[in-house]
Amino acid sequence: MSKNIETHLHEKRIFKPSKEFSKQARISSMAEYKALYQESIDKPSTFWAREAKELSWQKKWTKVLNWKAPFAEWFVGGKLNVSESCLDQHLSTHRRNKAAIIWEGEPGETRTLTYLQLHREVCIFSNILLKQGIKAKDRVIIYMPMVPEAAVAMLACARIGAVHSVVFGGFSADSIADRIEDSGATAVITADGGYRRGKVVPLKDSVDAALEKQSGVKTVIVHQRTGGKIAMKKGRDVYWHEEAAQVSSVHEAKAFDSEHPLFILYTSGSTGKPKGILHSSAGYLTGAYTTCKYIFDMRDDDVYWCTADVGWITGHTYIVYGPLANGVTQVMYEGAPNYPDFGRFWDMVERHKVSIFYTAPTAIRAFIKAGDHFPEKHDLSSLRLLGTVGEPINPEAWMWYHEKIGGERCPIVDTWWQTETGAIMISPLPGVTPTIPGTATLPFFGVDAAILDENGNECGPNEGGKLVIRKPWPSMTRTIYKDKARFRKTYWKDYEGKYTAGDGAFRDRKGNFWIVGRLDDVLNVSGHRLGTAEVESALVEHNSVAEAAVVGRPHEIKGQGIVAFVTLKEGVLDSPELNQELRTHVAQAIGAIARPDEIHFAPALPKTRSGKIMRRLLKELVSSGKVSGNITTLEDVQVIEALQKSIAQAN
Ligand code: WT7
């Protein structure tokens, strides 16, 4: 979907925030943004100390930052309990009985939890965890549908100092097993199932399958969501509601060090093995809190809705930690955007009077395709601010969002960030920044972003290069769990002491950042990161497959689709059935989002004489059907002709 620099430069549409919005916004002029930004870069300790003070601390820090690249420590010497800033802090204020979460299940039931009620649930669950012998720093896997209990489980882990690792409910049993293995988790929190497109997703069955391979897990706590039949293993599995009846609802939060690990979240890289991105407590929470406050302009009378799943970083930062630390009311939704039809989101916006709405370009494109009559049927006048995240937004989707959803009145914040950055890094400020469809615009406070060329020099205007961050920021990942070497190698080796994001980008003459897309072998499918190597290794696990190569290709809704080239083992015949079987096999091995859109059987893959698969050729073949440039290093030129034929037949 991402266009090249040339076409970006023809984008002339520019939208300034309305006077009305600016007047009430926390930051209301460009001069104010610039002054604060300058302070945040020149005197980060001053800027961040002021922000962090708004959180709830049991002991104040002695030093804001220790930086020994690439390892940062923020708010050194301080002690806090993350769940206190999200819950307890509000109980002595007017927010005590304010709705924290207005939840809607896919079948249609709703449930509201006030801050007081949410606090009580978290205290109860903290006591359940303690009763099960779970201690600070133990790792706990959370594999849940989008129900309030998912947030309760995360906050309770934080409250007792256990490290949660949420696994997206769409991932497979094998993915759960891999994450248990890597994290050394001893407990799993799950549900009997969850609703998605009218069907029950059998979460507990997947956990059972994963635990056949992983013996380290001693406890499984099961939330009853659907009431469906599941197996409960004696001595290992307990029901949440049965345990809840046996513990106290009082839990005094103990303080943990600022750098106490908060969570591990796995994300794809360019090898077959997902990386465990580790985040710690105080810095992460400061980033989550501050970005919500300034970028989403969260207010006491807002109804905020982020449509992500808690299984992704967006759900961690912008459903759980950031919004709750801000004491906002939010909507949480269990199911699919098109259930019962593509009007679901707009119906919910109307019924709950949502004022801030945060979603992904892939969802917007699906809505465009479904038709304008869906949003047109609903009163969306409660909306005042829109956000997008996950991938570069194509100008057509941006304009549709602006006109059909935002009624041409709502600022759009196109927020660039990553699992590793913990919080938004580049984004407009809604009361200040002129927006142009397709650019995430300017860096947030404290973010020293730049575009560098191969030699480490800063690129000129409209010159493409690598997106880097030159200074540490509070919510940055602390390391890849148990793999400092990989951490250094992945993010810090291109330029000494600077963080390389893995994205290609350029800045226009006004300094706006335009993100072009990933520079590594990572695909962005519906806003989710997926390594080509992961899909390849799932394919070669199948006993018919000899070799596989996977590339991305533009996809109308998903942004990128997955195309696989497969050579079969001696004696195995290709067939449409086998093609289908392999696609299902990948979905089972990783999760449905990894299912290849196309698989091409090939007699051989194009390789250099030294045996490296020439992905460049495969990418060109799937996007244009042709190959350009030098192919003389290719081992066998006929391979290309065979592949061309196969692609032509498929289209
Ligand atoms: C990658 C990070 C951050 C939460 C969702 C994805 C791409 C993300 C944008 C944006 C252009 C974007 C980048 C980035 N990306 N937001 N607004 N404009 N690209 O988190 O799975 O860690 O993926 O998503 O390529 O590197 P993630």
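Modeller: Please note that this is a predicted model. To begin with the ligand, one of its nitrogen atoms lies 3.4 Å from a backbone N or O atom of Pro392.

Biologist: What about side chains: how far is a polar side-chain atom of Asp503 from an oxygen atom of the ligand?
Modeller: That distance is 2.7 Å. For Arg529, a polar side-chain atom also lies 2.7 Å from an oxygen atom of the ligand.

Biologist: And how much of the ligand does the protein bury?
Modeller: The protein buries 96% of the 560 Å² that the ligand exposes when taken alone.

Biologist: How many residues surround the ligand, and which are the closest?
Modeller: There are 18 residues around the ligand, and the closest are Asp414, Thr415, Thr419, Asp503 and Arg529.

Biologist: Which helices or strands supply at least two residues of the shell?
Modeller: Helix α12 (313-325) does, as do the strands β20 (412-415) and β25 (513-518).

Biologist: Changing topic, how many cavities of 30 Å³ or more are there in the whole structure?
Modeller: The search finds four. The largest cavity has a volume of about 70 Å³.

Biologist: Where does UniProt place a domain?
Modeller: The UniProt record, an unreviewed entry, places the feature "domain: AMP-dependent synthetase/ligase" at residues 93-473. Over residues 93-473 the chain is 31% helix and 22% strand, and the end C-alpha atoms are 30 Å apart.

Biologist: Now the backbone: is the peptide bond from Ala69 to Pro70 cis or trans?
Modeller: It is cis, with omega near 0 degrees. Pro70 sits in the loop that joins β1 (63-68) and β2 (71-76). The peptide bond from Tyr339 to Pro340 is also cis, with omega near -5 degrees, and Pro340 is in the loop between β17 (329-333) and α13 (344-352).

Biologist: And what is the phi of Lys137?
Modeller: Lys137 is not a glycine, yet its phi is positive, at about 75 degrees. Lys137 is located in the loop between α6 (115-131) and β6 (139-143).

Notes
Residues are numbered from 1 along each chain as its sequence is written. This is a predicted model: local features need pLDDT of at least 70, side-chain atom pairs count only at pLDDT 80 or more; totals for chains, interfaces and linings use all residues. Side-chain values use heavy atoms; hydrogens and water are left out. A residue is near a molecule or strand if one of its heavy atoms lies within 4 Å of it. A polar contact is a pair of N or O atoms within 3.5 Å; within protein, one must be able to donate a hydrogen and the other to accept it, and residues adjacent in sequence count only if both atoms are side-chain atoms. Accessible areas come from the Shrake-Rupley method with a 1.4 Å probe; for residues, only the protein chains shown count as cover. Helices (H or I, at least four residues) and strands (E, at least two) are DSSP runs, numbered from the N terminus. On a 1 Å grid over the protein atoms alone, a cavity is a set of points where a 1.4 Å probe fits but cannot get out, and a pocket is an open set with protein on both sides within 12 Å along at least five of seven lines; lining residues have an atom within 4 Å of a point. Grid points are joined across faces, edges and corners, and a volume is the space filled by probe spheres set on the points. UniProt positions are given in the numbering used here, feature names are shortened, and annotations may be inferred rather than shown by experiment.
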